[in-house]
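Dear colleague,

Below I am passing on the structure we talked about, followed by notes on what was found in it. Please read the notes with the structure open beside them.

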Amino acid sequence: MSDSLVFHFDVDGDNFTSAGQASTQVKKNLRQLGLSPAIIRRVSIAMYEGEINMVIHANGGTADVVVTEEYIEIVLEDRGPGIQNVEQAMQEGFSTATDSIRSLGFGAGMGLPNMKRYTDSMSIDTVIGEGTTITMRVNLA
Amino acid sequence: MTSSIYEHSVQLDVSRCTGCTNCLRRCPTEAIRISDGHAKINDARCIDCGECIRTCDNKAKKAVIEKLDAMNRFRYKIALPAPSLYGQFDNLDDVDYVLDGLLKIGFDDVFEVSKAAELVSAYTRQYLKTEGVKLPIISSACPVIVRLIALRFPSLNDNVMHMLPPMEVAATLARQRAKEAHPELSDADIGVCFISPCPAKASYVKNGFADYKSQVDVVVSMSDVYFALISKMSRDEEVHSMTESGMVGIGWATSGGEATALFNDEYLAADGIENVINVLDQIENGNIPPVKFIELDACTGGCVGGVLTVQNPFIAKTRLQSLRRYLPVSKNFLSKEEQEYIPELYLFNELPTYKPITQLSQNMAESMRMMADIQKLRGMLPGIDCGACGAPSCRALAEDIVKGRARLEDCKILEK
């Protein structure tokens, strides 16, 4: 078991302007650790999409980024409404975002598919009415 | 070239520095620390943006830049005025007065950078149509931005346009023109002098750019030239028409000018270093608006906001608007044959290589241990980012301590 580092962030609900702050900070930290630009970009995109999702659908939540020498794990946890149909939510272009959110340029239905695309593994643990936890991994080796 | 030491154009006058924290907080790359009672600039991090020059009340930060007499060593002297120069003068209704003034202060020829800018715009329109270019294209005209991307946003390197800035194109074309008109001149006889709104252009000329060597010989400050010019410029006498640029070329002096010259509304233009960094962060997060072209200017307002200008950038912008009003859109269009390919003289091959300047250690396990220590220290520090320790924030002090460049006792708040 190698050492790990954890970066913890609280993601504000209902605040689009601050969304993205956690992924920007993670990016700085990963640069300090000397990770390659390609890895940093994958982590920051996956994390940004996750942050935005928590703001749009779940009134915020927490983001934890675990860094080990073998992988980076991103755990996004919220107490939102849960995802009714995970398979459907994973389809590109599917979105339950409201019109007002779409008018802000979000809700294109690409969040979850992008998170999957930019990471090596992703699991969704969701309970209706209780919340959702998404765990993503980007392998370093 | 890339591995050699980078020669900066922003320096500190220690005797004037009081050790206040103004520049410390404004530096966008956290390149400044205060120790032994005065500021120190970390060369590896400095991007020559000039924010510290702008913010220093004691005039302790200055641009390292040549004076006009540096041109005396050349037989044939060519002035390259940046279009922002035209926005510095009160009641100027014709660019020709400025160009004529440049001849009066001793230049043999004037080649407007705005003329080259119109050609660069025309070729950029072609560049956008090139198959295989990575969209959105990020402009490479502002040297601060190119350096910022190389140091901090390496994943966006492929988006940077491989087109030389108008200053370089102007220098090459001006040399060609001089040689055609005066075949007796050798290369060493001809001196090309860029009249610059910012120190970053001086750094670009001194250091070159990856494998590219600048065609400009001397960079002088716009404010120096301004004072030399106002005594020689006369509005009473008739001057012959010299200007060779239109609205597009002069528009390059202000933010959005380069982008609107593409005659395509799919662009984003941002100015001011903080705003630019925000935009780059957003792009890197994948939050890219569907645009083809991104213009980023380090200075607020664009080049008119450079620290070597005389006039307030917004006033300069207003003046340029009225100067442009009666000009043709452009005086430099490309013929059908010229549109077929982009000549070599407009392009560069290599970008500066990415230097992971913030990396804690070469070894990842060691970096992780250091990061864990930084997190621990951040919990101990007061978190008010007062700057009294000489670092811009508590986080920066924590990093400095872990790197062995500061001590916990440097914190003035914990001491009490």
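**Chain B: overall build**

Of the 416 residues of chain B, 49% count as buried, where buried means that 20 or more other C-beta atoms, placed from the backbone, lie within 10 Å of the residue's own, exposed means 12 or fewer, and partly exposed is in between. Please keep in mind that this is a predicted model, in which local features need pLDDT of at least 70 and side-chain atom pairs count only at pLDDT 80 or more, while totals for chains, interfaces and linings use all residues. Residues are numbered from 1 along each chain as its sequence is written, and chains are lettered from A and ligands numbered from 1 in the order in which they are written.

Chain B holds 14 helices and eleven strands; helices (H or I, at least four residues) and strands (E, at least two) are DSSP runs, numbered from the N terminus. The radius of gyration of chain B is 23 Å, close to the 22 Å that the globule rule gives for 416 residues, so chain B is as compact as a globular protein of that length; the radius is taken over C-alpha atoms, and the rule is 2.2 Å times the number of residues to the power 0.38. Along the principal axes, the C-alpha atoms of chain B fill a box of roughly 70 × 50 × 40 Å. Among contacts in chain B between residues at least 6 apart in sequence, 77% join residues at least 24 apart, a contact being two residues whose C-beta atoms, placed from the backbone, lie within 7 Å.

**Domains and cores**

The domain assignment of chain B gives domain 1 (1-64), domain 2 (68-346) and domain 3 (360-416), with bounds that come from an automatic or database domain assignment. The C-alpha centres of domain 1 and domain 2 of chain B lie 25 Å apart, and the contact takes 16 residues from domain 1 and 21 residues from domain 2. On the domain 1 side of this contact, the largest share, three residues, comes from α2(B).

The largest nonpolar core has 112 residues, and those with the most contacts inside it are Ile78(B), Leu80(B), Cys193(B) and Ile195(B); such a core is a set of buried Ala, Val, Leu, Ile, Met, Phe, Trp, Tyr and Cys residues joined through C-beta atoms within 7 Å. This core draws at least three residues from each of domain 1 and domain 2 of chain B. Apart from it lies another core, of 47 residues, among them Ala19(A), Ala63(A), Met368(B) and Ala406(B). Not counting residues up to four places away in sequence, Cys193(B) touches several residues, including Met71(B), Ile78(B), Leu80(B) and Val218(B).

**Local features of chain B**

Seven of the ten residues of helix α3 (residues 95-104) of chain B are buried, so this helix is largely enclosed by the rest of the structure. What covers the buried residues of α3(B) includes β5 (76-81), β6 (109-110), α8 (222-230) and α12 (313-324) of chain B. After α3(B) comes Gly106(B), whose phi is positive, near 120°.

Most residues other than glycine have a negative phi, and most peptide bonds are trans.

- A cis peptide bond, with omega about -10°, joins Leu135(B) and Pro136(B), and Pro136(B) is found in the loop between α4 (113-129) and β7 (137-138) of chain B.
- Asp48(B), although not a glycine, has a positive phi of about 60°; with 26 C-beta neighbours inside 10 Å, Asp48(B) counts as buried.
- Phe263(B), also not a glycine, has a positive phi of about 50°; with 10 C-beta neighbours inside 10 Å, Phe263(B) counts as exposed.

Chain A has five helices and five strands, which follow the pattern β-α-α-β-β-α-α-α-β-β along the sequence. Buried residues make up 38% of the 141 residues in chain A.

Between the chains, 19 residues of chain B are in contact with 21 residues of chain A. The largest share of the chain B side, six residues, comes from α13(B).

With best wishes
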